[in-house]
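Reader: I would like to learn how to read a structural model feature by feature, and I would be glad if you could take me through one slowly.

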Amino acid sequence: MQIRQVPYDHPDAVKLDAEVQLEYAARYDSEGDETVLHPRMFDPPGGMYYLAYDAAERPVASGGWRSQETNDEGYSDGDAEIKRMYVTVEARGLGLARRILARLEESARAAGRTRMVLETGTKQPEAIALYRSSGYTDCPKFGHYRYDPLSVCLAKPLA
């Protein structure tokens with residue numbers, strides 16, 4: 001597997017984003033994640049977006065982070081928010097989510113971010129288990145879904 005930095009609006013990123021939206025919609029009986037994201041949010045040095053490719057050059061995993069500062073949605077100065085972590089069904093169980101997560105943390109730290117944060121949901125137990133086993137702990141809720149009872153917010157210091 002090869003992990004590459006790409007723009008958030010790269011065609012392969014758009015393809016995987018559509019897949020993860022379908023998964024969110026199925027799990028939550030919804031339209032998917034309604035958080036407004038703009039491709040420039042993931043441009044360095046204020047963000048980063050990665051895709052993992054298999055040996056046949058197919059995109060099989062994604063993940064990005066965007067900078068956040070203190071605001072009325074509950075973020076803190078120095079936050080790097082994880083967005084669109086996803087592994088295709090065929091590539092699950094290969095450790096790709098952990099590899100993408102490590103790359104996100106490494107690049108956010110290098111960009112001067114001090115804390116990694118993310119929002120997931122109770123209907124994504126695999127994601128919650130991954131993050132908790134990687135040192136993430138519950139934190140006060142933030143972001144678009146901060147008032148949703150199904151929302152779970154986690155954080156990890158990057159120092």
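Reader: How many nonpolar, polar and charged residues does the lining of the largest pocket have?

Author: Please keep in mind that this is a predicted model. A pocket's lining can be sorted by residue class, and here the lining of the largest pocket has 17 nonpolar, eight polar and eleven charged residues. The space in this largest pocket comes to about 880 Å³. Of its 36 lining residues, Y24, M85, T120, Q124 and A127 are the closest to the centre.

Reader: Which elements give two or more residues to the lining of that pocket, and which one supplies the largest share?

Author: Helix 1 (11–28), strand 4 (79–87), helix 2 (96–110), strand 5 (115–121) and helix 3 (125–133) each give two or more residues to the lining, and the largest share, six residues, comes from strand 4.

Reader: Is strand 7 largely enclosed or left open by the rest of the structure, and why?

Author: Burial is judged from relative accessible area, with under 20% counting as buried. Six of the seven residues of strand 7 (residues 151–157) are buried, so the strand is largely enclosed by the rest of the structure.

Reader: Which residues of the largest nonpolar core touch the most other members?

Author: A core is read through its contacts, and among the 27 residues of this one, I82, M85, I100, L104, M116, Y131 and Y136 touch the most other members. Strand 2 (47–53), strand 3 (59–68), strand 4, helix 2, strand 5, helix 3 and strand 7 each supply at least two of its residues, and helix 2 gives the most, with five. Apart from this core lies another, of twelve residues, among them V20, Y49, L51 and Y86.

Reader: Could we take single residues next? What does M116 contact beyond its neighbours within four places in sequence?

Author: M116 is in contact with W65, A80, I82, L104, E105, A108, Y136, L154, A155, K156 and L158.

Reader: Is I100 buried or exposed, and what does it touch?

Author: I100, found in helix 2, has a relative accessible area of 1% and is therefore buried. Leaving out residues up to four places away in sequence, I100 touches I3, Y50, L51, A52, A61, S62, G63 and M85. The C-alpha atoms of I100 and G63 are separated by 6.4 Å, although these residues are 37 residues apart along the chain.

Reader: Where does S134 lie, and is it buried or exposed?

Author: S134 lies in the loop between helix 3 and strand 6 (137–138), and its relative accessible area of 16% makes it buried. Beyond residues up to four places away in sequence, S134 touches R98, L101 and K156.

Definitions and conventions: Residues numbered from 1 in each chain as written. Predicted model: local features only at pLDDT ≥ 70, side-chain atom pairs only at ≥ 80, totals over all residues. Heavy atoms only, no water. 1 Å grid on protein atoms, 1.4 Å probe; cavity = no way out; pocket = protein on both sides within 12 Å on 5 of 7 lines; lining within 4 Å. Points joined across faces, edges and corners; volume = space filled by probe spheres on them. Helix = DSSP H or I, 4+ residues; strand = E, 2+ residues; numbered from the N terminus. Nonpolar A, V, L, I, M, F, W, Y, C, P; charged D, E, K, R; others polar. Buried < 20%, exposed > 50% of the residue type's maximum accessible area, 1.4 Å probe, protein only. Contact = heavy atoms within 4.5 Å. Core = buried A, V, L, I, M, F, W, Y, C linked by side-chain atoms within 4.5 Å.
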